[in-house]
Amino acid sequence: MKILVINPGSTSTKLAVYENEVQVWRESISHPAKELADFHHINEQYDYRRTHVQEALEKAGMWQQFDAIIARGGLLKPTPGGVYQVDERIKHDLWHADMEHASNLAALIADEIASKMGCPCYLADPVVTDELRDIARITGIPEIPRISIFHALNSRAVSRSYAARIGRKYEELDLIVVHLGGGISVSAHHWGKVVDVNNALNGEGPFSPERAGTIPARQLVDLCFSGKYTYQEIRKLLNGKGGLLAHLGTTDVPTIVRWAHAGNKKHQLVLEAMIYTVAKQVGAMHVALHGQTDAIILTGGIAYNAYCVALLREWLEGLAPIEVIPGEDEMGALASNALGVLRGELPLQAYHPKDD
């Protein structure tokens with residue numbers, strides 16, 4: 001089986017070709033800031049990115065017949081996780097998405113290429129994957145329900161990997177997955193469904209290298225009306241300029257760890273505070289699983305950092321077995337999902353957004 005994977009990010013578009021489980025080619029197309037400066041909306045980048053993708057495939061001799069093309073899931077409307085065949089409704093909702101992100105273009109580009117090659121086009125486990133229990137959605141303000149936005153693709157991929165390694169099925173385990181990256185999500189997986197998770201994008205849960213996480217609501221309201229910040233600046237504080245960046249002026253965790261090792265009290269305290277908020281969120285997800293957690297999986301880029309992992313272990317030891325699966329193999333996870341569908345091991349989901 002030959003599978004093409006397309007994964008656009010803010011300043012690059014990653015491509016990979018797999019033959020079954022083996023990656024046989026990979027390319028990361030850089031999109032310099034000066035080239036992106038002329039675009040005022042992410043949709044305007046469609047032709048630009050599609051052309052670069054096609055040229056890269058042709059140059060590498062990879063413009064060939066594929067069994068399937070799979071794209072990173074964009075900011076669709078809330079929908080359960082799984083693999084979806086890209087259809088007109090999905091393309092419409094990506095083109096008219098409420099939030100802008102380069103991932104919204106992935107399935108659009110993939111579908112155009114797939115139509116030329118006569119093969120199916122899929123996406124899998126978008127960040128808006130929503131399998132929350134109804135009880136987990138309700139807050140004290142009816143107009144503000146909790147929203148599921150998290151690292152769904154990697155969280156589910158490492159869960160399946162862990163289950164396979166211990167000879168169990170993902171669908172029969174209770175797992176907590178801690179994705180430690182620029183944003184941090186802590187998800188409760190109950191028998192194959194993510195029944196609770198913090199909104200890792202827009203101000204809930206642990207603070208992270210660049211995101212504010214949960215903050216006192218009254219103080220946020222006061223700050224919003226203080227005249228000190230504009231609406232857009234407040235949003236940036238929540239996502240982009242909050243967290244470690246706001247406190248320490250950097251999102252580079254290894255650098256912060258070096259400062260902490262060197263005895264810098266502020267760097268040590270802020271980093272430990274971030275890990276503390278992660279540990280508390282794990283505790284909340286342990287409750288969501290009725291205290292029956294089979295394992296806690298630490299993943300994402302920060303999981304490579306032994307110092308941070310050790311700090312987190314100090315809080316979590318005794319709660320459940322801890323497994324460290326660092327990094328985020330989005331390309332491999334996407335290819336695996338496509339292969340699962342082609343082999344009949346994974347079902348295709350029907351896209352029926354929860355707010356329809």
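This is a predicted model: local features need pLDDT of at least 70, side-chain atom pairs count only at pLDDT 80 or more; totals for chains, interfaces and linings use all residues.
Figure 1. Leaving aside residues up to four places away in sequence, S12 touches N7, S28, I29, S30, H31 and R49. The residue belongs to strand β2, which spans residues 12–19. With a relative accessible area of 16%, S12 is buried, because the cut-off for that class is under 20%.

**Figure 2. Packing of helix α2 against helix α4.** Two packed helices are described by the angle between their axes and the distance between the axes. Here helix α2 (residues 46–59) and helix α4 (residues 106–117) pack at an angle of about 50°, and their axes are 10 Å apart. The two helices, α2 and α4, are therefore oblique to each other. The crossing in which α2 passes α4 is right-handed. On the α2 side, the residues that meet α4 are Y46, R49, R50, V53, Q54 and L57. Their partners in α4 are L108, I109, E112, I113 and K116.

Figure 3. An α-helix has 3.6 residues a turn, so residues three or four places apart point the same way.

**Figure 4. D125, a non-glycine residue with positive phi.** Most residues other than glycine have a negative phi. D125, although not a glycine, has a positive phi of about 40°. D125 is located in the loop between β6 (121–124) and α5 (152–165). Its relative accessibility is 4%, so D125 counts as buried.

**Figure 5. H290, a non-glycine residue with positive phi.** The phi of H290 is positive, at about 55°, although H290 is not a glycine. The loop that holds H290 runs between α10 and β10 (295–300). Is H290 buried or exposed? At 66% relative accessibility, H290 counts as exposed, because that class begins over 50%.

Conventions
Residues are numbered from 1 along each chain as its sequence is written. Side-chain values use heavy atoms; hydrogens and water are left out. Axes are lines fitted to C-alpha atoms, for helices over the stretch in contact, and angles run from 0 to 180 degrees between N-to-C directions. Helices (H or I, at least four residues) and strands (E, at least two) are DSSP runs, numbered from the N terminus. Angles under 35 degrees count as roughly parallel, over 145 as roughly antiparallel, 65 to 115 as roughly perpendicular and the rest as oblique. A crossing is left-handed if the near helix is turned anticlockwise from the far one by less than a right angle, and right-handed if clockwise. Contact means heavy atoms within 4.5 Å. Buried means under 20% relative accessible area, exposed over 50%, partly exposed in between (1.4 Å probe, protein chains only).
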